[in-house]
Amino acid sequence: MKESKLKPQKKLEGMRVMILGIDGYLGWTLALRLGSLGCEVSGIDNQSRRRWVAERRSHSIVPIENMENRLQAAREVLGIEIAYRELDLLDRSAMQDFIQEVQPEAIVHYAECPSAPYSMLDAEHAIEVQRNNVLGTLGLLFIMRDVVPEASLVKLGTMGEYGTPLSGRPIFEGVFPPEATLHWDDREWSLGGELTPRDPSSLYHVSKVQDTINVFEACKWWNLRSYDVMQGVIFGVHTDQVSADPRLRTRFDIDECFGTVINRFVAQAVAGIPLTIYGTGGQTRGFISLEDAMQCMTRLISSPPEAGQYEVVNQISGTRDIRELAEVVNRVGKDEFGLPVVVQRVENPRVEASSHPFEPIYEKLPDQFGFESTVSLEEEVHRTFELLTQPHVRDRILEKSDLILPTTWWSGDQRLVETIEVL
Ligand code: USQ
């Protein structure tokens, strides 16, 4: 029998968890899930995601309430009380006071700008993304050192930190495994425990790499403890809590900066816009549904790291290339919703390999934390269609349909991509 490597789990009931970025796509969803599991949830947000999306002239196409109404609905529908403060992570003194007051046992850090294209718009946006992300995390590490050194930090990184190594070597979970060796000039060394190389694919992804190094060192110097979560591309709309009432829905973006690829494809299919495969569509990525990602985060929170432990987990439930994704959305849209879906290839405004080997290792979450995916890509795409085909949501997509085609080129150009081929 295989020896169980499962880590012991703490009771979530009554655990104090603070979520930074609690108003976002992930933050709000996690708050409701943890609240319904009995955690004492607190959180901060400076509303910047709403501002960034509005600056790009877009909106969440699934209507969402303001924070006050969200908190009220959580209370009414789920019986959850959330201690919320509107606050900027970079306001260190206010942040320190709030952490001092709450004494969280775990801090989930989602308070970053998540958009690669937004970071590549121009110098101003690149600087804003790196300032917000890198300095926010850095300040947080000092506050944790001084106020809650025993708390665990569950920090959102990204699979995009690694890039897509053309050698085809496995993409390990952050550090090389003990058996990895380097052969060179007739000599051999162990690489075990060293951070693996990073090759971030945008200035946003660079900010996450900088965070990785800051958190890694802080754990060494100050005995802090952290899980650094390399999450793949997220998609979907459902958890039991956000689906419980329209006022509890989480945001859903479809513009070129803040919409991720599967979510965009479903919205495009609903609006009758040909799906936008960038380039050949041979780019392969790791993906995870919203519901599965929430399960992973819950498991990480309930099995905290040891003092001084810095551990990376690759948080994906599978890999696909972009063409395959378009095929799934096409099939579900046509067969299950009767939509006349069209798929196109457009110029790729990004600099990324168009076909490449991709072998991510993602064993820790299932082996050590007990993660099991509960939703397939097809099922979650179906649930997303169900929500997006509702007339009021469809109308909100159509209102923003001019924001679907990308105009942000990694080269610095600002121009609409052209269609290469309708498939
Ligand atoms: N893509 C298309 N068509 C589209 C949109 C995207 O073909 O309409 C392609 C892109 O070229 C890219 C892939 O789909 O190859 C993923 O793009 P994306 O915009 O869905 O995701 P990305 O920019 O990589 O960033 C997203 C999140 C980010 C997170 C990252 C995880 O916005 O916060 O860090 O996914 S990962 O990609 O694994 O690094």
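## Surface and charge

The protein chain exposes about 17,500 Å², and carbon and sulfur atoms supply 49% of that area (Shrake-Rupley method, 1.4 Å probe). This is a predicted model: local features need pLDDT of at least 70, side-chain atom pairs count only at pLDDT 80 or more, and totals for chains, interfaces and linings use all residues. Residues are numbered from 1 along each chain as its sequence is written, and side-chain values use heavy atoms, with hydrogens and water left out.

On the charge side, the chain carries 43 positive and 63 negative side chains (Lys and Arg against Asp and Glu, with His and the chain ends not counted). The centres of the two sets lie 1 Å apart, placing each charge at NZ of Lys, CZ of Arg, CG of Asp or CD of Glu.

## Overall build

You'll find 13 helices and 15 strands here (DSSP runs: H or I of at least four residues for helices, E of at least two for strands, numbered from the N terminus). The radius of gyration, taken over C-alpha atoms, is 21 Å, close to the 22 Å that the globule rule gives for 423 residues, so the chain is as compact as a globular protein of that length. That rule is 2.2 Å times the number of residues to the power 0.38.

## A look at Ser 303

Ser 303 sits in the loop between α9 (290-302) and β12 (310-315). Ser 303 is buried, at 2% relative accessible area (buried is under 20%, exposed over 50%, partly exposed in between; 1.4 Å probe, protein chains only).

Beyond its neighbours within four places in sequence, Ser 303 is in contact (heavy atoms within 4.5 Å) with Lys 7, Pro 8, Gln 9, Tyr 227 and Phe 369. As for Pro 8, its backbone oxygen lies 2.9 Å from a polar atom of the Ser 303 side chain.

How values were computed
A polar contact is a pair of N or O atoms within 3.5 Å; within protein, one must be able to donate a hydrogen and the other to accept it, and residues adjacent in sequence count only if both atoms are side-chain atoms.
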